[in-house]
Amino acid sequence: FRKEYYPSEGENDDIEDGFLADAGKRLPLVDKVLMMIIQEDPPRWFLFMEGKLDVSGIPKDNFSEAIDARGGLTEDMKAKNIQLRKFKDPSTYWIGFNMEDQVLGKNLPLRMALGCAVDRQKYIDLFANGRGDLAYGFIPPLMKAYDPSIKEFSADKAYNVARAKKLVKEAQKVNGGPLPKLTLAMPGTDVISRQHGEFLQRSFKEVGLDVEIDYMDWPTFQDKVKTKSAQMFQLGWIADYPDVENFLQLFYSKNESPGPNNFNYKNPEFDAIYEKIMLMPDSEERTVLYREAERIVV
């Protein structure tokens, strides 16, 4: 294991929470970590409540069992000596468009209509118990280079049924006639995935778009996305390291599928900025370029 030590600095509450008790100790602090891959929420939560897992997220259907009205642990959870840890996650989730698709790639009003059709706050409330922030771009607010003005910049892409319906009519003109049925690839066949799909399908139908949801297991989904066979897909990204470049790489043309650019997005102006920032140290100039690159994609 590389020579590394437990950090001696942290956030304001870390000392009180005991997170800095091991400050300065040589890592790792344990001999082994066992990670179990459990596909669905109910058995994962059951094993956690049985004391057979040390750590678990809280599934949406078990939220009220774990969290009280004030946002803290319920008395039953406290009685089991379970501890609650809250933290921001450097991640963004989206419905992705395959820009090489003959229908979506050439029809900007259609892509915008799909974006305006989804009530993202309602989605967060329903499927994450309100645990999440609305995304106005693809850089998470937790990142140092996050652009606080991106909300105003992307205001015309917010949830707006009337605007989405108007954009659908524009999209029909671009298409030269009625729009065909679209297909959204969903990574999962479980109940939760189907609830996600049904919510999105209803949202699109409300603005006049016919979208079929294709539920599939993870390997099949990955194969479909990596071979450019998916028209639309639900996916997300969690930062591998704390720098915006990790998110920008998702739109670099040379990273097209089977690379991380699953959108198969190609833009010479974006590529030029990305190739410049790849070689730059952390600086105000690089932050400005990060934000410029994000706005190009938005």
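Rings of Phe, Tyr and Trp (its six-membered ring) are taken as a pair if their centres lie within 6.5 Å; planes under 30 degrees apart count as stacked, over 60 as edge-to-face and the rest as tilted. The structure is a predicted model, in which local features need pLDDT of at least 70 and side-chain atom pairs count only at pLDDT 80 or more, while totals for chains, interfaces and linings use all residues. Residues are numbered from 1 along each chain as its sequence is written, and side-chain values use heavy atoms, with hydrogens and water left out.

Across the whole structure, 14 aromatic pairs are found. In one of these, F251 and Y265 have ring centres 5.9 Å apart and planes at 90°, so the pair is edge-to-face. Both residues lie in the loop between α10 (245-248) and α11 (268-277), 14 residues apart; helices are DSSP runs (H or I, at least four residues) numbered from the N terminus.

Since F270 belongs to helix α11 and F251 to the loop between α10 and α11, the contact ties together parts that are 19 residues apart in sequence. Both F251 and F270 are buried. One aromatic cluster is formed by W94, F138, F233, F251, Y252, F263, Y265, F270 and Y274.

Definitions and conventions:
Helix = DSSP H or I, 4+ residues; strand = E, 2+ residues; numbered from the N terminus. Buried < 20%, exposed > 50% of the residue type's maximum accessible area, 1.4 Å probe, protein only.
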